[in-house]
Amino acid sequence: MSISAQQTGQKKGQKKIAIIGAGCAGWSLAARADQLSASRIELFKKQDNHASHSWGFWQMPWLLDAVSQTRKKWNKWQIITHNGCAEHHSATHPYCSLQSDVWIKSCSQKFLSAKTQTSITEVPVRKTEKNRVITSEDKSDFDVIYDSRPPVADTNILLQHFRGLEIRAAKPVFNPEVAILMDFRVSQENGIHFMYVLGYDEYTALVESTFFSLSPHHDEVYEAAIREYLNTVFHLDDFEIIHSESGVIPMGRVSRVDSNPFLLAIGSNAGTIRPSSGYAFSFIQKQIEQFTSQNTNPKSPHKKYDLWMDSVFLSVLKSNPEKAPNLFLKLAKYLSGDAFARFLSGDAKITDYAFVIYSMPKWLFICHAFKVIVGSQKRTTR
Ligand SMILES: Cc1cc2nc3c(=O)[nH]c(=O)nc-3n(C[C@H](O)[C@H](O)[C@H](O)COP(=O)(O)OP(=O)(O)OC[C@H]3O[C@@H](n4cnc5c(N)ncnc54)[C@H](O)[C@@H]3O)c2cc1C
């Protein structure tokens, strides 16, 4: 099925562009149709039902459009363990929550009302393994193909896997002024585990059970953990589930789904997921802003030393999962709210890096830095 958009006939360029995949990156790029100097842009969308979910990020200069559409912002956030709580405050970089359906709707309105000729082609699920847009006949149809299909993750890497429930409580228990980004006061038996609680108002919150481990769990594991947490920490057992969301995000090296150089990878397929945190929304917007405004090919939005620090951090976490709660708490305690937001958004200053390094146990990190260097040398000599 092909849905044609408004065609004004006003050509801005001669390029015919295909965008494969209508997720976060595909839609975010499609919304910039008029900046792509193309005569025609076709978005290839898989015929699947994406349930809406929330994207969290810190307000940054490249996110103003997304910030204007957020459901809620928090100027305060916490990291909690059995040993204490770090609370951050930032007036400049509040933590924001954006609903994916709101973002995609606004992107699709911009795409379909662009001056450039735009269309959406729905790809039947059964055809998606060998997508027809990347067959040789189609290659000649397009001058540029952006590929946002999900990447292939290395085996044996940590995964961030989670299930969240948006609930409406029978009594007012949530604090809508403070987002809880990590509360480690939950069982650590099945992997590094914390709760993420976004209180939208005193009654309504997204409560997410998140693990870092090598494989995902059954839905019941996350749901049982959420119920136990709500009961223990909020003394709440009477609530209605409004909506649920879940995901599995690779924390480590990923490879492009298709290495064909004709395809320009974007989004998670181009390594935008920040390995140590699983955050991707902010980096996808940064990547798209960079290459559309500079009229270049997409490149990684991450700095090389951020990726290197992340691999050392992940090596520590993988070998010492029991240390995770205190490492995150220490990191949060040594950084100000602004520095924490900048560091996790890939926009850290030199002084922020100094505090990050200072906050971590030196000997442990030096050992793992060597391990990472030896591992990468082995990979390059193979
Ligand atoms: C539930 C959930 C919550 C998340 N929360 C956060 C958060 O709070 N903050 C944050 O920064 N990140 C978050 N993330 C991570 C990240 O933002 C997402 O993974 C992001 O969607 C990645 O965007 P993408 O476009 O690269 O991939 P996707 O959004 O996965 O899009 C890929 C698209 O390609 C399509 N596709 C696949 N094969 C084909 C094919 N053959 N032909 C055509 N289309 C195809 C898929 O249908 C999909 O629509 C979350 C992820 C999930 C799943």
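Start by selecting Glu289, which lies in helix α6. Helices here are DSSP runs of H or I with at least four residues, strands are runs of E with at least two, and both are numbered from the N terminus. You are looking at a predicted model, in which local features need pLDDT of at least 70, side-chain atom pairs count only at pLDDT 80 or more, and totals for chains, interfaces and linings use all residues. Residues are numbered from 1 along each chain as its sequence is written, and side-chain values use heavy atoms, with hydrogens and water left out.

**Stop 1**

Glu289 has 30% relative accessibility, so it counts as partly exposed. The scale runs from buried (under 20% relative accessible area) through partly exposed to exposed (over 50%), with a 1.4 Å probe and protein chains only.

Select residues 281–294 next. This is α6, with 14 residues. Its first and last C-alpha are 20 Å apart, close to the expected 20 Å at 1.5 Å a residue. The expected span is 1.5 Å times one less than the number of residues. Since 10 of its 14 residues are buried, α6 is largely enclosed by the rest of the structure. Among the buried ones are Phe281, Phe283, Ile284, Ile288 and Phe291. Lys286 is buried too. Step past the helix to Asn295, where phi is positive, near 55°.

**Stop 2: the cavity**

Which residues line the largest cavity? Select Gly56, Phe57, Trp58, Tyr279, Ser282, Phe283, Leu344 and Ser345. The cavity has a volume of about 30 Å³. A search of the whole structure finds 1 cavity of 30 Å³ or more. On a 1 Å grid over the protein atoms alone, a cavity is a set of points where a 1.4 Å probe fits but cannot get out; a pocket is an open set with protein on both sides within 12 Å along at least five of seven lines; lining residues have an atom within 4 Å of a point. Points are joined across faces, edges and corners, and a volume is the space filled by probe spheres set on them.

β4 (54–58) and α6 each give two or more residues to this lining. β4 gives the most, with 3. The lining has 5 nonpolar, 3 polar and no charged residues. Nonpolar covers Ala, Val, Leu, Ile, Met, Phe, Trp, Tyr, Cys and Pro; charged covers Asp, Glu, Lys and Arg; the others, Gly among them, are polar.

**Stop 3: Gln59**

Move to Gln59, in the loop between β4 and α2 (64–67). At 18% relative accessibility, Gln59 counts as buried. Beyond four places in sequence, its contacts (heavy atoms within 4.5 Å) include Lys73, His93 and Cys96.

**Stop 4: the core**

Select Trp58, Tyr95, Leu317 and Phe340. They touch the most other members of the largest nonpolar core, which has 87 residues. Such a core is a set of buried Ala, Val, Leu, Ile, Met, Phe, Trp, Tyr and Cys residues joined through side-chain atoms within 4.5 Å. Another core, of 18 residues, lies apart from it, with Phe174, Met195, Ala205 and Phe234 among them.

**Stop 5: the second largest pocket**

Finish with Gly252, Arg253, Ser311, Val372 and Arg379, the closest to the centre of the second largest pocket among its 30 lining residues. The pocket holds about 1000 Å³ of space. α7 gives the largest share of the lining, 9 residues.
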